[in-house]
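These are my notebook entries on a structure that I had not examined before. I begin with a single loop position and then turn to a charged pair, a helix and the core.

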Amino acid sequence: MTTATRTKPKAKAKAKTTIVATYRSDGLIRGPLISDTLQALTAAPAEGLSRNDIASALDVEPSSITPVIKQLKESGQIEQLGAARGANYRLSEQGREAVDRQAGEDG
């Protein structure tokens, strides 16, 4: 006689949000995704966070923040450490100033 083994059904993974960036007339991304990304990097270790780490902290798909990271790098608000798939990001001095200004406006 054989007995069937019943397994517990696996919980469904929570779907991450895909953010569609909104662009200003000058082509730059606008909205909370920029400030949220900077905020996520405020607590980053010295070696920075990967794109996937940032996306996870924001609960979005990594592809959603790729243009945000590009814009923040080009504006000098974040620094890239490493290259390609091994790249990590951290706030630059200019990025820290932007976060501090935003905190001053909110408080």
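Entry 1, a loop position. I looked up Ser-92 and found it in the loop between β5 (88-91) and α4 (93-106). Helices here are DSSP runs of H or I with at least four residues, strands are runs of E with at least two, and both are numbered from the N terminus. I work from a predicted model, in which local features need pLDDT of at least 70 and side-chain atom pairs count only at pLDDT 80 or more, while totals for chains, interfaces and linings use all residues. Residues are numbered from 1 along each chain as its sequence is written, and side-chain values use heavy atoms, with hydrogens and water left out.

Is Ser-92 buried or exposed? I record Ser-92 as buried, because its relative accessible area is 7% (buried means under 20%, exposed over 50%, partly exposed in between, with a 1.4 Å probe and protein chains only). Setting aside residues up to four places away in sequence, I list Gly-76, Gln-77, Ile-78 and Glu-79 as its contacts (heavy atoms within 4.5 Å).

I searched for salt bridges and found one in the structure (a side-chain nitrogen of Lys or Arg within 4 Å of a carboxyl oxygen of Asp or Glu). Glu-79 pairs with Arg-90, and their closest N and O atoms are 2.9 Å apart. The pair links distant parts of the chain, with Glu-79 in strand β4 (residues 78-81) and Arg-90 in strand β5, 11 residues apart. I note Glu-79 as partly exposed at 33% relative accessibility, and Arg-90 as partly exposed at 30%.

Which residues of helix α2 (residues 51-58) are buried? I find Ile-54, Ala-55 and Leu-58. Viewed down the axis of α2, these buried residues fall within an arc of 100 degrees, so they line one face of the helix (the arc is taken from the directions from the helix axis to the C-beta atoms). Their cover includes α1 (32-42), β3 (49-50), α3 (62-74) and β5. Just after α2, I note that Asp-59 has a positive phi of about 60 degrees.

I examined the largest nonpolar core, which has 21 residues (buried Ala, Val, Leu, Ile, Met, Phe, Trp, Tyr and Cys joined through side-chain atoms within 4.5 Å). Leu-38, Leu-41, Ile-54, Leu-58, Ile-65 and Ile-78 touch the most other members. Helix α1 gives the most to this core, with five residues. Beyond its neighbours within four places in sequence, Leu-58 contacts Leu-33, Asp-36, Thr-37, Ala-40 and Ile-65.
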